[in-house]
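Colleague: Please take a close look at the charged pairs in this model.

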Amino acid sequence: MLALSQPFSPDGSRVVVLITDAPPNVPDKDTQSIDEVVIAVREARIDQFYLVMRTADPRSQVYLKLLNASRGIAFELGRGSD
């Protein structure tokens with residue numbers, strides 16, 4: 001959520017890259033659910049969202065919901081060809 005609150009240039013593209021090797025710590029002290037993050041991505045008007053993660057890990061697949069909030073793609077963590 002911290003990335004979404006950063007200042008973006010008003011005339012630039014809003015791009016977020018999330019690189020992680022672990023499932024999200026949700027809920028935490030500021031964020032109650034992944035759906036809350038999806039709403040925040042939409043409200044921040046993110047143009048492109050890229051995930052680098054362990055796509056096969058069922059605990060991490062919740063991150064894929066973030067792709068529904070903006071255009072983006074997920075890459076498998078640790079694959080050289082990606």
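Colleague: Does R59 count as buried or exposed?

Modeller: R59 counts as exposed, at 58% relative accessibility. (Buried means under 20% relative accessible area, exposed over 50%, partly exposed in between, with a 1.4 Å probe and protein chains only.) A word on the basis: this is a predicted model, where local features need pLDDT of at least 70, side-chain atom pairs count only at pLDDT 80 or more, and totals for chains, interfaces and linings use all residues. Residues are numbered from 1 along each chain as its sequence is written, and side-chain values use heavy atoms, without hydrogens and water.

R59 forms a salt bridge with D57. (That is a side-chain nitrogen of Lys or Arg within 4 Å of a carboxyl oxygen of Asp or Glu.) Their closest N and O atoms are 3.3 Å apart. D57 is buried, with a relative accessible area of 15%.

The structure holds two salt bridges. D35 and K65 also form one, with closest N and O atoms 3.6 Å apart. D35 lies in helix α1 and K65 in the loop between β2 and β3 (71-76), so this pair ties together parts 30 residues apart in sequence. (Helices, H or I of at least four residues, and strands, E of at least two, are DSSP runs numbered from the N terminus.) D35 is partly exposed at 42%. K65 is partly exposed too, at 37%.

Now R14. It sits in the segment before β1 (15-19). R14 is buried yet has no salt bridge. The nearest side chain of opposite charge, D47, is 5.4 Å away. (Lys and Arg count as positive, Asp and Glu as negative; His and the chain ends are not counted.)
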